[in-house]
Amino acid sequence: MAYRYNLHPSYGLVVIRAQGAKWTGEDILESADEIVADDQFAPDYDWIYDMRYVHHTVIDVEEIERIVDRFRAFREKGRVDSNSNSVIVGSDEDVHFTGILYQYKSNRTESQFQIVDTMEAALHWLGVETAASELLEE
């Protein structure tokens with residue numbers, strides 16, 4: 001498993017943390033499937049992808065399209081709310097490019113999807129008032 005996730009019901013968040021320097025399309029698909037199947041997950045949760053330690057993404061356009069299709073299906077089935085927000089946290093060029101490609105392909109607006117450099121910026125954008133360290137506790 002190249003990721004971990006934590007659900008934070010009091011903040012309406014799921015935080016997915018990459019566990020290595022590489023992140024793939026399969027990692028995204030696998031984590032999304034696992035999260036929406038979790039009994040503790042609620043469709044209106046906002047998503048934070050913590051990719052601060054990722055230095056290489058292996059996600060091509062076809063995989064981005066599969067990811068977009070998967071989330072579209074989740075929304076159609078009511079497993080993910082269409083108003084939920086997503087934010088990618090990471091400063092690596094690959095991470096930014098992948099986020100921009102996803103945003104373009106999914107037609108997610110800037111009010112629904114952001115790419116930021118720090119967890120603090122992600123929380124601020126989502127309007128969550130807590131220390132990032134509280135959400136990252138093991």
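Analyst: Gladly! Keep in mind that this is a predicted model. Let's start with a charged residue: D27 is buried yet has no salt bridge. The nearest side chain of opposite charge is that of K22, 7.5 Å away; a salt bridge needs a nitrogen-oxygen distance within 4 Å.

User: Where is D27 found, and which residues does D27 touch beyond four places away in sequence?

Analyst: D27 is found in helix α1, residues 25-37. Leaving out residues up to four places away in sequence, D27 touches A2, Y3 and K22. Look at the backbone too: a polar atom of the D27 side chain lies 2.9 Å from the backbone nitrogen of T24.

User: Thanks! How should I read aromatic pairs, and how many does the structure hold?

Analyst: Look at the distance between ring centres and then at the angle between planes; under 30 degrees counts as stacked. The structure holds 6 aromatic pairs. In one of them, W47 and Y49 have ring centres 6.2 Å apart and planes at 15 degrees, so the pair is stacked. W47 is buried, at 1% relative accessible area, and Y49 also counts as buried, at 9%.

User: What about Y102 and F113: what is the angle between their planes?

Analyst: That angle is 45 degrees, with 5.4 Å from centre to centre, and the pair is tilted. Y102 lies in helix α3 (residues 93-106) and F113 in strand β7 (residues 113-116), so the pair ties together parts that are 11 residues apart in sequence. Y102 counts as buried at 12% relative accessibility, as does F113 at 3%.

User: Which residues form one aromatic cluster?

Analyst: F41, Y45, W47, Y49, F71 and F74 do.

User: Now a helix. Which residues of α4 are buried, and why do they line one face?

Analyst: For a helix, list the buried residues and then view them down the axis. In α4 (residues 119-126) the buried ones are M119, A122, L123 and L126. Seen down the axis, they fall within an arc of 95 degrees, so they line one face of the helix. The face turned away from this buried side carries the exposed residues E120 and H124.

User: What covers the buried residues of α4, and which residue comes just after the helix?

Analyst: The cover includes strands β2 (13-18), β4 (46-50), β6 (86-89) and β7, along with helix α5 (132-135). Just after α4 comes G127, which takes a positive phi of about 80 degrees.

Note on methods:
Residues are numbered from 1 along each chain as its sequence is written. This is a predicted model: local features need pLDDT of at least 70, side-chain atom pairs count only at pLDDT 80 or more; totals for chains, interfaces and linings use all residues. Side-chain values use heavy atoms; hydrogens and water are left out. Rings of Phe, Tyr and Trp (its six-membered ring) pair if their centres lie within 6.5 Å; planes under 30 degrees apart count as stacked, over 60 as edge-to-face and the rest as tilted. Buried means under 20% relative accessible area, exposed over 50%, partly exposed in between (1.4 Å probe, protein chains only). Helices (H or I, at least four residues) and strands (E, at least two) are DSSP runs, numbered from the N terminus. Lys and Arg count as positive and Asp and Glu as negative; His and the chain ends are not counted. A polar contact is a pair of N or O atoms within 3.5 Å; within protein, one must be able to donate a hydrogen and the other to accept it, and residues adjacent in sequence count only if both atoms are side-chain atoms. Contact means heavy atoms within 4.5 Å. The arc is that of the directions from the helix axis to the C-beta atoms.
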